[in-house]
Amino acid sequence: MTAPIRIKGFTNEVLKWKPWLDTVNVDTATPAQLAALDEMSPQARTSPYFLVLAHQPEILLQRSIAFNAIMFAPGGMPRAERELGATVESRVNGCVYCASVHAQRFEQLAKRNDVISQVFEEPMGAGTTAREKAIVEFSIRLGVEPDKISADDVRGLKEVGLTELEILDLIHSVAIFAWANRLMLNLGEPVFPEAAAS
């Protein structure tokens, strides 16, 4: 991580997440629950979020398959830009935890955080290039007014160099976070480092 950013309640720091529901105990989890956790990542067995979702292992499994395909599939939109779309959607939805995680991923991949500061300050207008500005603006519109997305919006992305496959990747990235943010916001809350220490 580069310099810590704290703007308007959003941060690029590592946060914890506290669920409001009981989590699945890994020691007594069913084979289906363990398989669903492992499909997500090796760290899922220690993540309170995924241990809550593991109460419904088939749903978690399908969620993990979709997430991994959207965020990690080779080709198409560069991963950093998928992470930017996820960060913008999380910022717009007020999901501080998801915004922090995906801001970190963007920084790791892009080796900079200038656009993250802009997104945290005010998403509309954020971006350091015409392409980045178009990605941010489209991500906002898709999250806030999905029914108003038109051919003109897609044309605008193509004009700054996005291919049809990259546009599809961006739509998927924003869409999965439109859903994931709401799930996370309803199941628990972020915990900042100083709060965790006290």
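Helices (H or I, at least four residues) and strands (E, at least two) are DSSP runs, numbered from the N terminus. The model is predicted: local features need pLDDT of at least 70 and side-chain atom pairs count only at pLDDT 80 or more, while totals for chains, interfaces and linings use all residues. Residues are numbered from 1 along each chain as its sequence is written, and side-chain values use heavy atoms, with hydrogens and water left out.

**Cavity**

- One cavity of 30 Å³ or more is found in a search of the whole structure; a cavity is a set of points on a 1 Å grid over the protein atoms alone where a 1.4 Å probe fits but cannot get out.
- The largest cavity holds about 40 Å³, a volume being the space filled by probe spheres set on the points.
- Its lining (residues with an atom within 4 Å of a point) consists of Trp 17, Cys 95, Val 96, Tyr 97, Met 184, Leu 185, Gly 188, Glu 189 and Pro 190.
- Helix H5 (96-110), helix H9 (164-187) and strand S4 (188-191) each give two or more residues to this lining, and S4 gives the most, with three residues.
- By class, the lining has seven nonpolar residues, one polar and one charged; Ala, Val, Leu, Ile, Met, Phe, Trp, Tyr, Cys and Pro count as nonpolar, Asp, Glu, Lys and Arg as charged, and the others, Gly among them, as polar.

**Helix pair H4 and H7**

- The axes (lines fitted to C-alpha atoms over the stretch in contact, with angles from 0 to 180 degrees between N-to-C directions) of helix H4 (residues 79-93) and helix H7 (residues 130-144) come within 9 Å and cross at roughly 45 degrees.
- H4 and H7 are therefore oblique to each other; angles under 35 degrees count as roughly parallel, over 145 as roughly antiparallel, 65 to 115 as roughly perpendicular and the rest as oblique.
- In H4, the residues in contact (heavy atoms within 4.5 Å) with H7 include Leu 84, Val 88 and Val 92, and those in H7 include Ile 135, Val 136 and Ile 140.

How values were computed:
1 Å grid on protein atoms, 1.4 Å probe; cavity = no way out; pocket = protein on both sides within 12 Å on 5 of 7 lines; lining within 4 Å.
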